[in-house]
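Morning, everyone. Please bring up the model.

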Amino acid sequence: MEHIRTASQILKVLMTDGKLTRTSHKDLFISYISELEVEEILGTMAEELEAEVKRVNNTLYLIPSEDNELLGFKHRDTREWLGSSARQADAFLAYYIAAVILNLFYGGKNRDPKQREFLSLLHVVEEMDRRPGEVLQKKEAAKELDQKISMNFEICAQVWDIKKGHEENSRITTKMGFLLRVVKLLQMEGLLRISEDEKEVRTTEKLDDLMLHYYLNEERVQEIQKIFREEDYAENQ
């Protein structure tokens with residue numbers, strides 16, 4: 001019974017704070033790493049929630065599965081965050097921008113794939129201008145890529161292209177405003193830190209841990225790099 005109570009306490013912290021560290025909850029962390037029953041019970045609880053517990057050094061994370069509707073994000077959540085006028089296409093564009101940001105940070109091919117410590121938001125806008133602009137010029141190649149990886153690059157490109165220039169305001173009708181909404185959502189999830197002047201972003205320890213020790217295993221790295229290689233190929237056809 002005590003093991004169930006301890007596992008439940010750990011799960012509560014994970015669902016509330018998104019992580020549990022040795023520093024913040026020493027007794028719970030020690031119980032998890034030293035008592036097999038606690039680890040097994042917590043693992044079963046997480047499985048029932050369609051998630052898993054991942055330990056990275058002295059931190060525990062609760063990671064939802066891709067289709068998790070309880071702990072994960074739904075299109076409706078993303079649209080509500082972007083604003084009352086946001087459409088489903090805006091949500092897909094937000095996901096694509098997040099993927100581009102992650103690729104810019106972690107697109108390296110060596111043992112440590114992290115390429116930079118900070119990222120200029122203007123650089124992200126320029127990268128977004130380049131990719132969708134070329135997609136719109138190479139529609140047939142883009143459609144072939146869409147069918148391969150189930151992502152509508154053409155719609156993302158169209159939604160981005162009709163947004164206004166680089167005006168620095170919070171409206172999602174501008175490129176910079178839309179980008180800021182996306183990075184603030186990632187900041188709310190504890191993944192990015194935005195500078196005070198809102199001109200650059202840095203990764204958090206949580207994002208580094210999850211990307212370097214979980215999401216970017218060899219198979220996922222190859223899959224992500226393949227998508228961006230194929231997108232570049234489609235743009236150049």
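Axes here are lines fitted to C-alpha atoms, for helices over the stretch in contact, and angles run from 0 to 180 degrees between N-to-C directions. Helices (H or I, at least four residues) and strands (E, at least two) are DSSP runs, numbered from the N terminus. This is a predicted model: local features need pLDDT of at least 70, side-chain atom pairs count only at pLDDT 80 or more, and totals for chains, interfaces and linings use all residues. Residues are numbered from 1 along each chain as its sequence is written, and side-chain values use heavy atoms, leaving out hydrogens and water.

Helices next. Helix 1, residues 2–17, packs with helix 3 at about 55°, and their axes are 9 Å apart. The two helices are therefore oblique to each other (under 35 degrees is roughly parallel, over 145 roughly antiparallel, 65 to 115 roughly perpendicular, the rest oblique).

Who meets whom? Contact means heavy atoms within 4.5 Å. On the helix 1 side, the residues include Ile4, Ala7 and Leu11. Helix 3 brings Glu37, Val38, Ile41, Leu42 and Met45.

Pairing requires at least two DSSP bridges between two strands. Strand 2 is joined to strand 3, residues 59–64, by 6 bridges. Across that pair, Lys54 stands opposite Tyr61.
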